[in-house]
Amino acid sequence: MKKDNQSCLDEIDLLGFSDFQSMRELLFCLVLMFYLMTLMGNSLILILIILNPTLHTPMYFFLWNLSFLEIGYTSTISPKMLMILVSENQTISFWGCGCQMCFFILFGLAECCLLCVMSYDRYVAICKPLQYPCIMKYRKCAMFAAVSWAIGVFVSLGQSVSIFTLPFCGSNRINYFFCDIKHVLKLASTDTYKDELAIAILITLIILTPLLFILFSYILIIPTILNMPGAKNRSKAFSTCSSHLTVVCIFYGTAIVTYIRPNSEYSMNRSRFLGLLYTVVTPSLNPLIYSLRNKEIKAAFKKFVARRQASFMG
């Protein structure tokens, strides 16, 4: 990937906030607030799961991975976004743009796969409870998580190398606030029709294939829950699934609206608003969803606070 052969660009201008000069301070405060919420909320879940043996189960192992992915996902975008808003320096280096795009694809795709794995975990726990300990052994859970990460790594590296080996000798301006794959590809000074088509097909498969598997899992899960004896058992089963379903709806909903739609359907301002929604706001909601709907997480948090208070007092 030699620069003199592949690119005439040293820097890329991210112009996503150029139309919001009067709102820069407000946007900075909002992005910083949601970013800190994401970091603190997901870090707290990571700590609680590590420190509490009662949470060392497959469901919380996958939740731990999800929280880690959320931190990486938003940290790929938010710090640079905050720098642009506070300094008005809208440039990012050419290879910095490539790294940002690569890690964004990695974390986003790994999360798609992990949410799919989590639906399988819920299916086994509810539809095959007696076989659950045998099916969801630690080694198998670790393999599922590793495969999710591996798919993200291989696809992100493949797409990034494929795009950033194209010649870039034209415009260096992206009318967006980060190096999203669709916007970067427009800068290439060559015909990119085949690349755009391949990426559109890949994105559709990446988003829809795990989603269809999740929907199929819940088609099997919901009747099983409804047939459970006792309202308490049904309520507990619905509770363990509702948090995951809420996260799935938010994550896939924003992804589908953003990537699987005609380019002319929304204005650029709406596109940027959706971008802020799925890169900044959505990752901050997952800890709230899981903590508010999960009695075990809340109990672990109370124990954590009690221990900190006892340590401080003693």
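**Terms and their grounds**

Mentor: D121 and R122 form a salt bridge, their closest N and O atoms being 2.9 Å apart. This is a predicted model, in which local features need pLDDT of at least 70 and side-chain atom pairs count only at pLDDT 80 or more, while totals for chains, interfaces and linings use all residues. Residues are numbered from 1 along each chain as its sequence is written, and side-chain values use heavy atoms, with hydrogens and water left out.

Trainee: What makes the contact of D121 with R122 a salt bridge?

Mentor: A salt bridge requires a side-chain nitrogen of Lys or Arg within 4 Å of a carboxyl oxygen of Asp or Glu. The closest N and O atoms of D121 and R122 are 2.9 Å apart, so the pair meets that definition. The structure holds 1 salt bridge.

Trainee: Is D121 buried or exposed?

Mentor: Buried means under 20% relative accessible area, exposed over 50%, and partly exposed in between (1.4 Å probe, protein chains only). D121 has 1%, so D121 is buried. R122, at 8%, also counts as buried.

Trainee: Why does L30 count as partly exposed?

Mentor: L30 has a relative accessibility of 36%, and therefore counts as partly exposed. L30 lies in helix 2, residues 24-51 (helices are DSSP runs of H or I with at least four residues, numbered from the N terminus).

Trainee: Why is helix 5 called roughly antiparallel to helix 7?

Mentor: Helix 5 (residues 94-127) and helix 7 (residues 138-164) pack at an angle of about 150°. That angle makes helix 5 roughly antiparallel to helix 7, because angles over 145 degrees count as roughly antiparallel.

Conventions: Helices (H or I, at least four residues) and strands (E, at least two) are DSSP runs, numbered from the N terminus. Axes are lines fitted to C-alpha atoms, for helices over the stretch in contact, and angles run from 0 to 180 degrees between N-to-C directions. Angles under 35 degrees count as roughly parallel, over 145 as roughly antiparallel, 65 to 115 as roughly perpendicular and the rest as oblique.
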